[in-house]
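Student: I want to learn how to read pockets and salt bridges in a model. Can we go through one together?

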Amino acid sequence: MATAAKRPKVAAGGSLAEDGSADALSGFLDWCEKVGLELSPKVYVSKEGTVSDYGLLAREDLQMGEVLFTIPRAALLSQHTTSIRSLLEKDQASLESQSGWVPLLLSLLHEYTASNSHWRPYFSLWPDFSRMDHPMFWPEEERVRLLQGTGILEAVDKDLANIQLEYTSIILPFMESHLDLFDPKLHTPELYRRLVAFVMAYSFQEPLDEEDEDEKEPNPPMMVPMADILNHVANHNANLEYSLECLKMVTTQPISKGQEIFNTYGQMANWQLMHMYGFAEPYPGNTDDTADIQMVTVRRAALQGASTEAERQLVSEQWDFLCQLEMVGEEGAFVIGWEEVLTEEELSMTLKVLCMAAEEFKEFKEHEGWEEDTEDEESFTLSNETIPRLKASWKKLLHDSALLTLESYSSDLKAEQDLLNDKVIYGKLSQREQQALQVRYGQKRILHQLLELAS
């Protein structure tokens, strides 16, 4: 089994649980019983024997398909169950946002600070929000130093801008209209940021039915007590199942007595785990890890390979055509996994078009990007097996793009390898430094593998 990922250790203190985590856990489990959450006697919640903080462990051997706990929908904390749900429904139109999270966040702002909240025992189990350690809370200098080139800096910048915009344009006006329930001096932008991180790290989104995926907006996030205690690994051993009346956590493989039970947060690369949850899976545990090559980096590599003004002009025209086909964009990225390219349609078309001679491109453009099916590179999946068989011009462009991407990091692969191999030095790194190193190292390994395949 893969090495377990973990949320950073969080020291308790100044939180609702400051009277002791044992009392908080006992109170939470009593509350679970009252709300109809049924916990199997074969499992238990503990901080002992887990990769980080609380976790769920097997009290005895478990078979595949066993139900670990069942939680009724009434016990979920969402915009539909909060005590201010009627208010949220009434003002629904004014609470629309890019994230779709505003109604849940308003629910959390209210329930977290209301002394008589139905979910108070649930909140008492969690670390104080002021101790959350997502990269958005790091000093900017540290964020740049540790995460440059990973894609996290850009994601955090977008988050902070969106959080500020949502708070000032939606949250604050709503609170000022309901001062009997909210106090802007208590429900501050800082608390709002912390709650955004809480939703990022601990909320669940119910998947749509397959037939609704193209028609409906995604379901809004919700908090699922007990389910959010489970830690994550790519090679997980349990999964959350949804039904009309309740949600169930079910084992996906046999689990031995004493083992920790892991859920999955989805197929997520380390940079995504770090950005949204504040941790990364240690190498080589994350089989879902990826590295991004920015689409504009491939354009830059093509322009560097052009030796005349006419060739550079051709690359610009080819890029504009790819934009028209919606294969590329100024902010998009090609996603490279351990075994294959996850954005293979976009990348294969981009390599194809940018490697065309002028006459070939002219003809291709006249057919608006359509061709008769031929047994050429388009029949390939871009995988570890097929990349070495690509045309030399495609491989060179791919190779040059990977090299340019590696230049965007502040350190090279060998330096990271040396750090990881020296257990003493690695042990002296801060939690942030260790997590960031795992993100960078995995991405660089994938990019170096691509260099070898395309050489």
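**Pockets and salt bridges**

Tutor: The second largest pocket holds about 580 Å³ of space. This is a predicted model: local features need pLDDT of at least 70, side-chain atom pairs count only at pLDDT 80 or more, and totals for chains, interfaces and linings use all residues. Residues are numbered from 1 along each chain as its sequence is written, and side-chain values use heavy atoms, with hydrogens and water left out.

Student: What counts as a pocket?

Tutor: Rolling a probe the size of a water molecule over the atoms shows where empty space is left. Here a pocket is an open set of points on a 1 Å grid over the protein atoms alone, where a 1.4 Å probe fits, with protein on both sides within 12 Å along at least five of seven lines. Lining residues have an atom within 4 Å of a point. A volume is the space filled by probe spheres set on the points.

Student: Which residues lie nearest the centre of the second largest pocket?

Tutor: S203, F204, Q205, Y242 and Y265, out of 29 lining residues. α7 gives the largest share of that lining, 4 residues. Helices (H or I, at least four residues) and strands (E, at least two) are DSSP runs, numbered from the N terminus.

Student: Is S203 buried or exposed?

Tutor: Buried means under 20% relative accessible area, exposed over 50%, partly exposed in between (1.4 Å probe, protein chains only). S203 has 18%, so S203 is buried. S203 sits in strand β5. A polar atom of its side chain lies 2.5 Å from the backbone oxygen of V199.

Student: What is the volume of the largest pocket?

Tutor: About 960 Å³. Its lining has 35 residues, with G151, E154, A155, K158 and W271 closest to the centre. α6 gives the most, 8 residues.

Student: How many salt bridges are there?

Tutor: A salt bridge is a side-chain nitrogen of Lys or Arg within 4 Å of a carboxyl oxygen of Asp or Glu. The count is 17. One of them joins E66 and K42 at 2.9 Å, N to O. E66 is in the loop between β3 and β4 and K42 in the loop between β1 and β2, so this pair ties together parts 24 residues apart in sequence.

Student: Which helices does the R145 and E433 pair link?

Tutor: R145 and E433 form a salt bridge, with the closest N and O atoms 3.8 Å apart. R145 is in helix α5 and E433 in helix α16, 288 residues apart.

How values were computed:
Polar contact = N/O pair within 3.5 Å; in protein donor to acceptor, adjacent residues only side chain to side chain.
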